[in-house]
Amino acid sequence: MKKKLRDEADARRDEAETVAVQIGFDAYHAMLAERPGLGFVGMAQILPKAVGLKKPALADSMRRHLAAWGNEMSKNRLRRIIGHDDRVWCVAVSADGTTALTASGNSAQAWDTATGKLIGSPLRHDDIVRAVALSTDGKTAITGGADRTARVWRTATGMLIGSPVQHPYLVNAVALSADGKTALTGSFETSVRTWDTATGQQTGLPLEHPEVVRDVALSADGSVALTASHHEARAWDTATGKPIGPPLQHQDIVRVVALSADGKTALTGSDDKTARAWDTRTGKPIGPPLQHRGRVDAVAVGAGGKTAITGSVDKTARLWDTATGRLIGPPLHHQSRISAVALSADGKTALTGSWDQSARIWDAAAGKSMARALPHRTIVVAVALSADGKIAVTGSLDNIARLWDTSTGMPIGPPLHHQDAIEGVALSADGQTIPHRQRRHDGSILGGVERQTPRTTFPPPRRCQTRRPFRRRHAGPHRQRRQDARLWKIPRPLRDDPERIMLWAQVVTGIEADEHANPRILDAAQWQQRRARLEKLGGPPALD
């Protein structure tokens with residue numbers, strides 16, 4: 001009996017300590033926007049308590065937030081806001097989340113997401129950059145532009161690999177294989193092309209379609225391509241340019257496609273209010289149609305092809321067992337139409353973006369929201385998840401992309417600002433990089449009217465799933481636009497000793513937080529004492 005009472009008392013004490021640390025974390029996190037020094041040092045001071053709790057996710061979240069703000073605190077200033085002079089048309093992110101790629105106007109740019117600093121030179125085109133993608137390791141990028149070219153780049157230097165790949169019309173869809181060796185490009189023409197990124201030479205024959213290509217996807221090894229055109233999708237052998245199996249037919253326009261990492265399972269979304277899973281080798285459907293009450297605007301498939309998520313104008317996203325066509329859990333509801341969906345590699349975590357100005361993180365099996373809504377000031381048009389489901393990326397027409405901790409629903413670091421609306425985001429397979437796409441000041445992307453152009457896609461298995469129901473308008477010659485895409489690096493959690501992190505925060509800010517969460521300035525002796533102790537422990541923690 002006494003042991004039981006002790007255990008119950010210990011459990012109540014642990015719960016009370018967890019609640020206290022969570023309250024402190026929330027309070028200091030809220031200070032980061034207006035009083036960054038105090039928010040930063042306060043979070044570092046409660047980290048030792050968080051490490052001792054039975055809830056490791058809370059301490060991991062703090063470590064990631066401290067890493068996100070660390071570089072700029074070390075310089076005694078906030079991380080500078082990263083801006084574009086025109087709308088961001090597209091984004092991508094490396095699989096490990098350390099690098100982001102954003103496209104705005106006539107160029108793309110790589111960024112270190114932890115510091116907000118540029119990586120290499122801008123990746124320039126002669127007209128609007130309409131599509132971007134990254135290899136798994138974030139070292140290779142591909143961009144497609146309104147200048148009728150696709151270009152392959154080394155992100156570290158901004159150097160072009162080979163010559164620009166010419167198309168007869170603007171390039172509106174691109175994808176890269178996981179190893180970065182094979183590229184897939186789609187244009188306003190009726191064919192899709194595959195390329196050797198090392199040489200810039202076309203491989204195989206063009207993948208011919210009866211009408212304009214709306215969407216493309218590529219398997220992880222680059223051997224299988226999936227394309228959408230008119231009322232059908234098609235799987236292709238990229239080496240020969242020949243179709244694999246018969247067309248994958250719908251009763252209305254096929255707008256979006258996704259492909260499992262192994263290329264064996266295709267997922268299509270259509271205006272006929274259904275999505276369908278297919279065996280790419282036979283062209284036969286896997287299970288019955290996945291029904292919605294409205295047009296399907298967003299699809300994603302798990303790495304193994306066994307789980308899928310679909311988003312519709314009926315204000316729901318739905319998780320499916322592709323083999324049986326049965327729902328996994330209840331529908332995931334928003335207050336308005338679903339514009340973007342993503343699924344973690346293991347299929348356990350889902351992310352949805354909506355016209356209701358929010359994104360949501362879901363426990364896929366239970367159909368329950370895992371954290372608070374992720375707010376933006378206007379429509380969320382693009383979402384992406386890291387492979388392990390721990391980091392979410394959202395992009396909105398409010399000109400901001402944000403990183404989020406999925407376990408808490410809290411933003412990681414400052415917003416990634418653009419001068420205009422973000423239209424797409426993606427994470428590379430290792431979760432280290434984000435690319436973004438932005439909308440143009442010339443009105444070519446405008447809300448509320450049906451878009452006539454195909455949507456841009458990003459490299460599988462971590463593709464940006466976004467729906468953009470907008471159309472293009474003519475820009476007057478008086479508009480001067482700086483147009484580029486940018487790459488950002490996502491911070492990794494600090495793994496150093498909590499005391500070392502706390503001392504570092506106090507040394508770089510020159511303050512400590514008192515018991516009432518008020519700042520207390522360190523005098524010279526106190527600062528020197530903490531600095532000496534920090535040096536004894538190995539100095540400042542290593543930041544990416």
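1. Two strands count as paired if DSSP finds at least two bridges between them. Strand β11, residues 191-196, and β12 meet that rule: they pair in the antiparallel sense over five bridges. Keep in mind throughout that this is a predicted model.

2. Now place that pair in its sheet. Four strands form an open sheet, and their order is β9-β10-β11-β12. The pairing is antiparallel. Which strands are at the edges? They are β9 (171-176) and β12 (201-208), and each of them pairs on one side only. From one strand to the next, the twist averages 20°.

3. For a landmark, look at aspartate 196. Glutamine 201 of β12 stands opposite aspartate 196. Trace the backbone here, as strands of a sheet pair through backbone hydrogen bonds, either parallel or antiparallel.

4. Next comes an open sheet of four strands in the order β5-β6-β7-β8. Its pairing is antiparallel. The edge strands are β5 (129-134) and β8 (159-166), each with pairing on one side only. Here the twist averages 15° from one strand to the next.

5. Within that order, take β6 (residues 140-145) and β7 (residues 149-154). How many bridges join β6 and β7? Five bridges do, in the antiparallel sense.

6. Turn to the helices. The axes of α2 (residues 36-51) and α4 (residues 498-509) come within 8 Å and cross at roughly 165°. Angles over 145 degrees count as roughly antiparallel, so α2 is roughly antiparallel to α4. The crossing of α2 past α4 is left-handed.

7. Which residues make this contact? From α2 they include Gly37, Phe40, Val41, Ala44 and Leu47. From α4 they include Pro498, Ile501, Met502, Trp504 and Ala505. By class, the contact of α2 with α4 has twelve nonpolar residues, four polar residues and no charged residues.

8. Last, the rings. A pair of aromatic rings is described by the distance of the centres and the angle of the planes. The count here comes to one aromatic pair. Phenylalanine 40 and tryptophan 504 have ring centres 5.4 Å apart and planes at 80°. Planes over 60 degrees apart count as edge-to-face, so this pair is edge-to-face.

9. Where do the two residues of that pair lie? Phenylalanine 40 is in helix α2, while tryptophan 504 is in helix α4. The pair therefore ties together parts that are 464 residues apart in sequence.

How values were computed:
Residues are numbered from 1 along each chain as its sequence is written. This is a predicted model: local features need pLDDT of at least 70, side-chain atom pairs count only at pLDDT 80 or more; totals for chains, interfaces and linings use all residues. Side-chain values use heavy atoms; hydrogens and water are left out. Helices (H or I, at least four residues) and strands (E, at least two) are DSSP runs, numbered from the N terminus. Axes are lines fitted to C-alpha atoms, for helices over the stretch in contact, and angles run from 0 to 180 degrees between N-to-C directions. Angles under 35 degrees count as roughly parallel, over 145 as roughly antiparallel, 65 to 115 as roughly perpendicular and the rest as oblique. A crossing is left-handed if the near helix is turned anticlockwise from the far one by less than a right angle, and right-handed if clockwise. Contact means heavy atoms within 4.5 Å. Ala, Val, Leu, Ile, Met, Phe, Trp, Tyr, Cys and Pro count as nonpolar, Asp, Glu, Lys and Arg as charged, and the others, Gly among them, as polar. Rings of Phe, Tyr and Trp (its six-membered ring) pair if their centres lie within 6.5 Å; planes under 30 degrees apart count as stacked, over 60 as edge-to-face and the rest as tilted.
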